[in-house]
Amino acid sequence: LLAGGETMFLYNVVAAALLALAWLACGRSSGVDRSVVRSPATASFGPAMLRLVAIGGIVGAVGFGLAAIKLLPGLELMPVTNRAGGLALADAAAPIIEFTEPAMLSALTFGSRALHDKTHLFAGTCVLALVGLIAGWCRRETRWLAVAGALLVIAGVAIAHSQTVFGMLWSALPMFKYQRIAQRALVLAFLGVSVLVALGARRVLQTRWMRSTLARYLVGLLLVGIVSAESLVAVPTLPPTADIRREIRANQLLNHVAAGSGLFRIHAWESTDRNWGIEHVTVPLGLSNLAGWDHLWLRDYLGAESTVGRDVLPFLPASYMARHRERFWGIMNVRFVSAMQPLDRPGLKLICRFPPCRECQPAKSAGPYLYENTQWLPRAWIVPRCVLVSGDPAERFLATYQLLEDARFDPHRLVITCDEQHELAQHRSHDALIVPASDFEIAPGLAEQRSKLRARDQWLLSYSMQTPGLWHQPDELAEMLEDLMSRDPDPEPPVVETYRPGFIRLRLAGQVGFLVLAEKFAHFPGWDVRTAAGPRFLLRANGVASAITLDGTEEWVELRYWPTGFARGLWITLASLVLVPLIGWFGDRLLRI
């Protein structure tokens, strides 16, 4: 649900619907069904449908109750993910090939030429499935299973290879618009083939030549051998792999970094997005990454795959486009950078070149070049001054990146916060307000505020994406940065008392300004900020980081993560764990009575 990756759950829903349809059409009046359904009235369609809906509702309610602890937080996080608005049909149904299909399935779409691939022919499995389809249809008690298997195969192939069929699910099935790679629908076809193969094997073992137990065992083993052999022939060659413990021990670069103390992050120069991360080594070593799979499905950080938010330049790609990319990474607490090739960057200082690691996968996880980012900042620090940038996300992020790129900008002394709307009365603590030029045209009174703000040592500037260089007053921008950088001495840094996942405690000494955290907390619902003087709000800072306003009354600051969805889901799941067995036990007792 969080990343649009719950494909199996959605296809299980489709499979259950097809199984129910086959049972309603062919299984209600079978001998097996009559042994379960005691009332002859259930042989009619109406009562059978009601029974099916009732059982499905009970199963769904139990499933929701047990999964609520994960389901509700996932739904709560969905609006901030990179698929927050769902995928366009063209993107969701793009013809991406993740794996080689069995020839019997691809031939239904690509014709007889697909049968030339002998390694994926599955001749014995196909014959067994065909026997199962015919034999299952001919027997009244297994007819619905044969129909269900055929429907599953047809549905899987159709969804995987027909954009029209895929589009029907995309428009009708809840949550399906967050999915992509239509070929994954072949899981339905594999399920259907499995049912038909089971029916075929049953029919072969029930022939009159299988009267002896020994013959049934021998033929059964032969059938298992045929299906297994065809599967093994089709298995692709695995890429180079190694025991993860050996990889960790062999990675001298990351072990060297992990031996250091303090809170910092590491970044592999070649990790320009979330793919091919190195967390499988860094996480066991207690290291934190700038880019990878862990919690980075944030739209403003990695970019949008959805139909919403594609106009926003996300932080990580923007850092690679920046002249001072080390500054971008430094404000996110990146102290070390590894690279596969030597780098000549003014912000990076070579520490060591480590021996090549032949067992490390991917190879970039081992460098072998390790650099220190001379512009790295701690996980939490305090700045005396703040600039507020308002506007829509695309404008706001671009203006923020431009400020971070400015040679006069010093992240030790100035933080950039953001807001979609400018409310001067609510932002007296900010030293400068930067708004889109369109706001001056819509609200002429805003321009009159500039002199009043300057009298209070505050600045008001404008920008426009249509203006070369973005800024309407570049000279005034330079004057503003020089003024804000020179006003105050550096505040005393906070003391980190506790810093663990879900809970942070910092000790303060009456500092005034803004506490900046190199974390993406402000983007995610569920973070609560408390101080000795009362609660505080989290602000989005420096594009994707977080900040808290300090007025000097705070002796300590605590941040705790307890999202509403998790709290509600926890109670629902705990109640379900208790109620489901009790209801089942009492229900069985009532039925026996």
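This is a predicted model: local features need pLDDT of at least 70, side-chain atom pairs count only at pLDDT 80 or more; totals for chains, interfaces and linings use all residues.

**Surface, rings and cysteines**

Let me begin with Val233, which is exposed, at a relative accessible area of 52%. As to its place, Val233 belongs to helix α10, which covers residues 213-234. Between the C-alpha atoms of Val233 and Glu305 there are 36 Å, and along the chain the two are 72 residues apart.

I turn next to the nonpolar surface. A nonpolar patch of about 1100 Å² is present. Its members are Leu66, Trp571, Leu574, Leu577, Val578, Leu579, Leu582, Ile583, Trp585 and Phe586. Which helix gives the most to this patch? The answer is helix α21, residues 564-592, with nine residues. Trp585 is found in that helix, α21.

May I now draw your attention to the aromatic residues. The structure holds 16 aromatic pairs. One of these joins Tyr301 and Phe315, whose rings are stacked, with 5.8 Å from centre to centre and 20° between the planes. This pair links distant parts of the chain: Tyr301 lies in helix α14 (residues 299-302) and Phe315 in helix α15 (residues 315-321), 14 residues apart. Are these two residues buried or exposed? Both Tyr301 and Phe315 are buried.

A second pair, that of Trp585 and Phe586, has ring centres 4.9 Å apart; because the planes stand at 65°, the pair is edge-to-face. The cut-off for that class is over 60 degrees. Trp585 is partly exposed, with a relative accessible area of 46%, and Phe586 is likewise partly exposed, at 45%.

Lys177 lies over the face of Trp170, at 5.7 Å from the ring centre. In the other case, the charged end of Arg335 is placed over the ring of Phe264, at 5.9 Å from the centre of that ring.

My last topic is the cysteines. How many disulfides does the structure hold? There is one, and it joins Cys357 to Cys360, with an S to S distance of 2.0 Å. The link of Cys357 and Cys360 is right-handed, with 75° about the S-S bond. Cys357 is buried, at a relative accessible area of 15%, and Cys360 is buried as well, at 2%.

A disulfide would require the two sulfur atoms to lie within 2.5 Å. Cys126 counts as partly exposed, at 21% relative accessibility. Cys418 is also in no disulfide, and the nearest cysteine sulfur, that of Cys386, is 9.9 Å away. With 22% relative accessibility, Cys418 counts as partly exposed.

Thank you for your attention.

Conventions
Residues are numbered from 1 along each chain as its sequence is written. Side-chain values use heavy atoms; hydrogens and water are left out. Rings of Phe, Tyr and Trp (its six-membered ring) pair if their centres lie within 6.5 Å; planes under 30 degrees apart count as stacked, over 60 as edge-to-face and the rest as tilted. Helices (H or I, at least four residues) and strands (E, at least two) are DSSP runs, numbered from the N terminus. Buried means under 20% relative accessible area, exposed over 50%, partly exposed in between (1.4 Å probe, protein chains only). A charge sits over a ring if NZ of Lys or CZ of Arg is within 6 Å of the ring centre and within 35 degrees of the ring normal. Patches are made of residues with over 30% relative accessible area and no salt bridge: like charges are joined within 9 Å, nonpolar side chains (Val, Leu, Ile, Met, Phe, Trp, Tyr) within 5 Å. Accessible areas come from the Shrake-Rupley method with a 1.4 Å probe; for residues, only the protein chains shown count as cover. A salt bridge is a side-chain nitrogen of Lys or Arg within 4 Å of a carboxyl oxygen of Asp or Glu.
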